[in-house]
Amino acid sequence: MQTSAPSQSAAPSDLPSRLLVKVCGMREAASLTAVADLEPDFLGFIFAPSSPRYVGEVLTPDSVHGLPDRVQRVGVFVNEATAQVLATAGRFGLSFVQLHGHEAPAQCAELQAAGLRVIKAFGVGEDFDFDALGPYVPHCDYFLFDAQGPAPGGNGRVFDWRVLENYPWPVPYLLAGGLRPEHAAVVRNLQLPGLVGIDLNSGLEIAPGVKDPARVAAFLDGLGRARNAAA
Ligand SMILES: O=C(O)c1ccccc1N[C@@H]1O[C@H](COP(=O)(O)O)[C@@H](O)[C@H]1O
C-alpha cells in the first residue's frame, strides 16, 4: 500500500455502492436488539472506561455473540494495551477494533496481525494534516474522521466536512461526529473521495448508550436505505 501522499485524490476501486452504517455506543440490551433489527452494517461497543457509553458489566458477551452474523461487531478503545484489546475482542467476538486515542501505527499492525480489522479514528480540525496519516496507511482497514472535542469521542460535534475534499489516501473512511437524522439527506449526497460510511452515536440517543430505534430508522430512511420491514 501507498505510504506517501499521492499527488491526486485516490479512487479505491472496491468501494461499496451504498454508504455503510455503523451505530456506535451500544450498551443496553433492549435497544441493542431493536437497532440490530434495523440491519446496520456495524454495531459499536465502547470499552473506554471514561465514556458514559462504557460497556463495563452492563452488557454481557452473550448479548454481543447473539447478534446476527451479518452485523460486524466493533470494539472502541482509547489508548488501551494490545493484550487487553485482544482479550476483550476474544470475549465479545469482535471482528473490528476502532482505536480512538493516540495509538501508533505499530499497534494497528499488531492488531491486524492478530486477525482483527482496524479502524483508526482521528479528530479533524480545519488545519488537519493528512500527510501525517501515511504511516497508518498499510496497517488500517478504515480510517474514521470525527470532530475534535474535550473527550476522545462522543462529543456530539460536527466538523466541516469540506476538509475531506482533498483526502489523499487509498484507505476508505467513515464519517463521524454529531450526526443526527436531519443530516441524512445531505450525507447521502456527499461526494467525498474515500468516503464509504458513516458512524452514528450520540445524535440518536435517548440517554448515553441508549439508542432510540426510531431515530436510527429515521436516519436510514433519510439515506434512502431499504430496511427490514419487520423492524
Ligand atoms: O461515544 C463515546 O462515548 C466515545 C468514547 C470514547 C471514544 C469514542 C467514542 N465514540 C465515538 O465518537 C465518535 C463520534 O460520536 P458522536 O456522534 O459525536 O457522539 C463515533 O465514532 C463514536 O464511535
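Modeller: Helices (H or I, at least four residues) and strands (E, at least two) are DSSP runs, numbered from the N terminus. With that in hand, take Gly 154: this residue lies in the loop between β6 (142–147) and β7 (173–175). The model is predicted, so local features need pLDDT of at least 70 and side-chain atom pairs pLDDT 80 or more, while totals for chains, interfaces and linings use all residues. Residues are numbered from 1 along each chain as its sequence is written, and side-chain values use heavy atoms, without hydrogens and water.

Biologist: Which residues is Gly 154 in contact with, leaving aside neighbours within four places in sequence?

Modeller: Contact means heavy atoms within 4.5 Å. Gly 154 has such contacts with Arg 53, Asp 146, Asn 201 and Ser 202, its neighbours within four places left aside.

Biologist: In what order do the 8 strands close into a barrel?

Modeller: Two strands pair if DSSP finds at least two bridges between them. Here the order is β1-β2-β3-β4-β5-β6-β7-β8, with parallel pairing. Angles run from 0 to 180 degrees between N-to-C directions, and axes are lines fitted to C-alpha atoms, for helices over the stretch in contact. With direction ignored, neighbouring strands of this sheet are turned by 30° against each other on average.

Biologist: Which way do the residues of strand β1 point?

Modeller: In β1 (residues 20–23), Leu 20 and Lys 22 point one way, Val 21 and Val 23 the other way, and all are buried. Parallel to β1 runs β8 (residues 195–200), joined by 4 bridges. There Asp 199 stands opposite Lys 22. β2 (residues 42–46) is also parallel to β1, with 2 bridges. Leu 43 in β2 is the bridge partner of Val 23.

Biologist: How many bridges join β4 to its partners β3 and β5?

Modeller: β3 (residues 72–77) and β4 (residues 96–99) pair in the parallel sense over 4 bridges. Val 76 has Gln 98 in β4 as its bridge partner. β4 and β5 run parallel too, joined by 4 bridges. Phe 96 stands opposite Arg 117 in β5. In strand β5 (residues 117–124), 6 of the 8 residues are buried, so the rest of the structure largely encloses this strand.

Biologist: At what angle do helices α3 and α4 pack?

Modeller: α3 (residues 82–92) and α4 (residues 105–113) pack at about 35°, with axes 11 Å apart. Thr 82, Val 85 and Leu 86 in α3 meet Gln 107, Glu 110 and Leu 111 in α4.

Biologist: Where is Asn 79 found?

Modeller: Asn 79 sits in the loop between β3 and α3. Its phi is positive, about 50°, although Asn 79 is not a glycine. Its relative accessible area is 45%, which means Asn 79 is partly exposed. Glu 39, in the loop between α1 (29–36) and β2, has a positive phi near 65° and is likewise no glycine.

Key:
Buried means under 20% relative accessible area, exposed over 50%, partly exposed in between (1.4 Å probe, protein chains only).
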